[in-house]
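Good morning, and thank you for coming.

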Amino acid sequence: MRFTFMDAIAGRVVEFRSEDRVFTLKTIDGRDFDVKLSDGMSAELLRNLDEPYADAGGHVDDLLKPGQQVFVYGVFYPEGGEYNYEAKKLTFVGRGPDDYSYEKSNWWINQIDSLARFYRRAQFGDGKIDYKDYRTNIRLGGDKAASHVQETDTISRMVYGMASAYMLTGNEDYLEVAELGTKYLRDHMRFVDRDSNVVYWYHGIKVEGDYEKKLLTSEFDDDYDAIPMYEQIYALAGPTQTFRVTGDRRIASDIDSTMRLFEQYYRDYEGGGYFSHIDPVLLSPHHDSLKFNKSRKNWNSVGDHAPAYLINLLLATGDERHAEMLERTFDTIVEHFPDYQASPFVNERFNTDWSQDLGHTWQQDRAVVGHNLKIAWNLMRMNSYKDKDSYKELAEKIGRIMPAVGSDQQRGGWYDVVERKLADGQEFHRFAWHDRKAWWQQEQAILAYLILSGTVGGDAYREEARQATGFYNTNFLDHDEGAVYFNVLANGLPYLLGTERLKGSHSMSMYHSAELCYLAAVYTNLLNTGQPLNLWFKPRPDADRTLRVSPDLLPAGRVELTRVEIEGKEWDRFDAKNLTVELPDSAYSLTVKVELTPVG
């Protein structure tokens with residue numbers, strides 16, 4: 001190849017030869033690159049959303065210390081039989097080799113605060129919160145698109161984000177957005193089938209003036225004219241997180257009724273797991289109208305219960321029914337999803353008998369990289385609740401093998417969809433369509449390696465967590481318009497075409513970015529850096545008077561409840577080990593602030 005091109009390199013400084021204005025950078029996979037500092041080069045410190053630009057141009061020589069994590073963007077010149085690389089931009093993640101801005105105790109808290117303000121302003125401005133004005137599609141800068149189909153899942157996902165933002169910041173405005181959104185879902189998107197004693201959720205509603213048209217079945221090609229399981233699952237994401245905060249019994253009733261829908265119509269009692277779709281008339285997973293979704297199971301229908309609502313429901317209630325469903329779900333994943341004799345990636349789509357479904361429209365025999373990481377992350381969560389060798393072994397296996405096949409070892413970040421198997425003569429798994437990197441897949445990598453680092457330990461997992469976190473915060477934060485980008489190119493530059501230009505769409509709301517902030521704050525502070533974390537709750541008068549405040553499924557004994565305030569006053573009726581607070585009776589909702597502290 002004889003052409004110049006600009007590209008990125010990520011890694012750590014090995015040495016700096018100031019007289020030559022060259023430093024050696026070791027990439028994630030251990031290769032050394034010589035990087036020439038060029039005239040006109042810029043340098044900055046990593047900054048969070050809403051933080052000002054921090055110029056580091058005058059301090060480059062001081063910052064290029066061995067071990068310093070840095071992201072470089074520059075030009076490759078084909079000269080002398082090789083490529084010479086000259087830097088045009090440097091981003092330092094901290095002020096020294098052991099300084100990581102994203103590991104500061106308030107980094108993720110400040111980020112979710114900024115995200116919440118962006119989506120609050122985009123949907124409702126600065127005034128009254130009225131969900132009639134809600135739009136699924138939000139443009140890059142927060143402006144609303146003309147389409148007025150309100151999708152249940154995107155509202156639920158924003159509600160999740162707002163409830164999580166309240167838990168980390170205590171900002172009452174975010175809780176109001178979450179509670180009003182939950183009420184809007186109940187009033188407009190919920191269908192109560194009293195004959196079957198279940199609840200299911202409309203795909204959405206089309207609003208035309210004062211008229212609402214209910215959309216029962218999905219509008220999307222993969223799921224058209226069916227009721228996909230994942231839409232029902234994600235309808236519960238926001239209300240369940242709100243339930244954790246408020247203890248609202250109406251939400252609990254809706255969750256229970258929706259879970260009965262899962263058990264009655266989606267669950268395969270003979271073969272195990274859950275079917276992915278049911279038809280809208282007979283509510284059967286086996287009807288011919290479902291076409292290529294007939295009698296099928298997939299990652300979303302089996303595994304997405306855990307992160308979307310089920311773990312949060314167990315945290316809120318301590319109900320063993322939910323623990324049993326979680327255990328059954330993870331046992332199913334461990335038994336049927338690994339396919340390591342054929343591929344380093346799990347299999348994701350199945351027929352009724354768990355034989356592989358390799359004929360699905362877009363997936364074929366392809367892997368979604370983030371789903372593998374999501375399995376590892378959630379297996380380690382479950383392993384903290386119920387220790388099983390099979391959970392830990394599979395999670396660690398995924399953690400060990402994924403970087404080489406699913407991540408970008410030179411630039412940093414994680415890819416999207418790849419072919420599961422190598423053809424003869426191939427050394428790299430082929431991209432299904434492109435080498436772009438989606439925001440939600442970076443989330444899965446960050447959380448997987450943060451929890452592996454914090455529970456299993458080891459330098460390798462910690463390094464993967466830092467590389468993934470550094471790439472995300474360097475490239476995905478939109479410092480001009482707010483919130484985060486949907487996709488970036490392989491080199492980290494934002495990709496701003498089509499629906500991937502949007503900040504709100506069928507695929508994107510506030511869920512994954514807020515989930516990352518919430519759980520990265522939990523794992524970073526409580527499992528990795530040994531810093532306390534404050535959370536807020538606001539239980540209603542009719543809520544259970546035992547408030548469970550565990551932030552996630554964490555290893556027993558790793559975290560203690562060290563301080564409680566109710567309505568701004570010290571409260572001493574709490575169980576430090578079991579992370580519960582005994583609430584006083586009250587005629588109004590109580591503001592509860594708790595301090596959680598890592599042990600050891």
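Predicted model: local features only at pLDDT ≥ 70, side-chain atom pairs only at ≥ 80, totals over all residues.

Residues are numbered from 1 along each chain as its sequence is written, and side-chain values use heavy atoms, with hydrogens and water left out.

Strand β24 covers residues 580–582 and is joined to β23 by 2 bridges, the two running antiparallel. Strands here are DSSP runs of E of at least two residues, and helices are runs of H or I of at least four, numbered from the N terminus; two strands pair if DSSP finds at least two bridges between them. The open sheet has 3 strands in the order β20-β24-β23, with antiparallel pairing. β20 (546–548) and β23 (574–575) each have a single partner strand, so one side of each has no neighbour in the sheet.

I turn now to Leu 496. Where does Leu 496 lie? Leu 496 is in the loop between β18 (487–488) and α15 (511–528). Its relative accessible area is 27%, so Leu 496 is partly exposed, a class between buried (under 20%) and exposed (over 50%), computed with a 1.4 Å probe on protein chains only. Not counting residues up to four places away in sequence, Leu 496 touches Leu 140, Tyr 485 and Arg 501, where contact means heavy atoms within 4.5 Å. Between Leu 496 and Asn 106 there are 390 residues in sequence and 30 Å in space, C-alpha to C-alpha.
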